[in-house]
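The following questions and answers guide a reader through one protein model. Please keep the sequence and the structure in view while reading.

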Amino acid sequence: MSGNVRLLSDTLAAAKEEGRSALIAYLPAGFPTVDGGIEAVKAAIEGGADVVEVGLPHSDPVLDGPVIQTADDIALRGGVRIADVMRTVREAHAATGAPILVMTYWNPIDRYGVERFTAELAEAGGAGCILPDLPVEESALWREHAEKHGLATVFVVAPSSKDERLAEITAAGSGFVYAASLMGVTGTRASVSSQAEDLVRRTRATTDTPVCVGLGVSNPAQAAEVARFADGVIVGSAFVKRMLDASDDAAGVEAVRALAGELAKGVRGQV
């Protein structure tokens with residue numbers, strides 16, 4: 001069974017053909033429950049997201065700010081497992097036809113087994129993996145299995161990355177490049193870092209792979225701002241916060257759908 005790296009590439013290319021950035025939503029698996037998380041992913045796509053990153057909850061998420069940590073804690077206390085992450089990918093992709101990636105730290109994959117993880121993700125219809133803490137130098141085994149199973153390998157670049165390092169990272173990755181718009185952890189912010197545009201420019205100089213920007217985008221105006229210079233706009237904490245603030249799980253799902261609609265207008269410049 002081959003994964004959906006091609007679907008991911010085609011989806012990003014279709015957005016570009018429309019003259020806009022793609023909207024990429026992030027939601028953790030198992031939050032608020034496994035079933036509730038699946039409904040939230042489907043709602044994000046139905047609301048206007050082109051791609052969804054499903055987070056694999058981790059007890060020590062070095063990149064994630066307090067909002068996503070809170071959601072991860074709820075998911076972990078609920079007993080979420082890798083099998084639940086795969087089920088989330090499978091059901092969300094089957095229901096929507098959209099490309100679904102998993103965002104995870106390396107340790108859970110290493111413990112689970114690279115071959116097993118990639119085979120199961122491909123079988124679930126996954127498009128690939130975002131691996132924020134896997135150094136390119138240590139990624140050969142992962143990339144071998146990801147390629148075999150038709151999965152994208154998305155690496156993260158940061159404003160601190162030197163041009164030479166950017167070239168090494170982009171040469172090894174596939175699907176898209178995740179450009180972290182600022183140093184630090186995820187979270188909603190009043191403004192998007194001015195470093196983001198420079199990072200996209202420097203990254204594009206090394207690759208034809210789409211460059212998508214995350215960390216800090218929380219509203220349609222910010223999405224429109226980033227969409228001016230990036231191939232994709234990644235939003236996570238704002239979706240999770242809407243769910244945390246909702247009166248119940250059903251209201252949380254509808255809040256995700258509504259925010260996706262607002263942000264979809266943002267990436268189209270309709271704000």
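Q: What percentage of the 271 residues of the protein chain count as buried?
A: A residue is called buried under 20% relative accessible area, exposed over 50%, and partly exposed in between, with a 1.4 Å probe and protein chains only. The model is predicted: local features need pLDDT of at least 70, side-chain atom pairs count only at pLDDT 80 or more, and totals for chains, interfaces and linings use all residues. Residues are numbered from 1 along each chain as its sequence is written, and side-chain values use heavy atoms, leaving out hydrogens and water. Of the 271 residues, the share that counts as buried is 58%.

Q: How many helices and strands does the protein chain have?
A: Helices (H or I, at least four residues) and strands (E, at least two) are DSSP runs, numbered from the N terminus. For the protein chain, the secondary structure comes to twelve helices and nine strands.

Q: Why is the protein chain described as being as compact as a globular protein of its length?
A: The radius of gyration is taken over C-alpha atoms, and the globule rule is 2.2 Å times the number of residues to the power 0.38. For 271 residues the rule gives 18 Å, and the chain is as compact as a globular protein of that length because its radius of gyration is close to this, at 17 Å.

Q: Among contacts between residues at least 6 apart in sequence, what percentage join residues at least 24 apart?
A: A contact means heavy atoms within 4.5 Å. Among the contacts in the protein chain between residues at least 6 apart in sequence, the share joining residues at least 24 apart is 74%.

Q: What is the order of the strands in the open sheet?
A: Two strands pair if DSSP finds at least two bridges between them. With parallel pairing, the nine strands follow the order E5-E4-E3-E2-E1-E9-E8-E7-E6.

Q: Which residue in E9 is the bridge partner of Ile24?
A: Strand E1 (residues 22-28) pairs with strand E9 (residues 232-235) in the parallel sense, over four bridges. In E9, the bridge partner of Ile24 is Ile234.

Q: Which residue in E9 is the bridge partner of Val213?
A: In strand E8 (residues 211-214), Val211 and Val213 point one way, while Cys212 and Gly214 point the other way, and all are buried. E8 is joined to strand E7 (residues 177-180) by four bridges in parallel, and Val177 stands opposite Val211. E8 also pairs with E9 in the parallel sense over two bridges. There, the partner of Val213 is Val233.

Q: Through which helix does the chain cross from E8 to E9?
A: A crossover is right-handed if, with the strands pointing away from the viewer, the path from the first strand over the helix to the second runs clockwise. The β-α-β crossover from E8 to E9 is right-handed, and its helix (residues 220-227) is H10.

Q: What covers the buried residues of H10?
A: The buried residues of H10 are Gln222, Ala223, Ala224, Val226 and Ala227. The elements that cover them include E8, E9 and helix H12 (249-267).

Q: Is Gly232 buried or exposed?
A: Gly232 is placed in strand E9. The residues it touches are Ser21, Ala22, Val211, Cys212 and Val213, not counting residues up to four places away in sequence. Because its relative accessibility is 0%, Gly232 counts as buried.

Q: With the side chain of which residue does the side chain of Arg202 make a polar contact?
A: Arg202 lies in helix H9 (residues 195-204) and is buried, with a relative accessible area of 13%. A polar contact is a pair of N or O atoms within 3.5 Å; within protein, one must be able to donate a hydrogen and the other to accept it, and residues adjacent in sequence count only if both atoms are side-chain atoms. At 2.6 Å, the side chain of Arg202 makes such a contact with that of Asp163.

Q: Which residues does Gly173 touch, not counting residues up to four places away in sequence?
A: Gly173 is found in the loop between helix H8 (163-172) and E7. With a relative accessible area of 22%, Gly173 is partly exposed. Leaving aside residues up to four places away in sequence, Gly173 touches Thr153 and Phe155.
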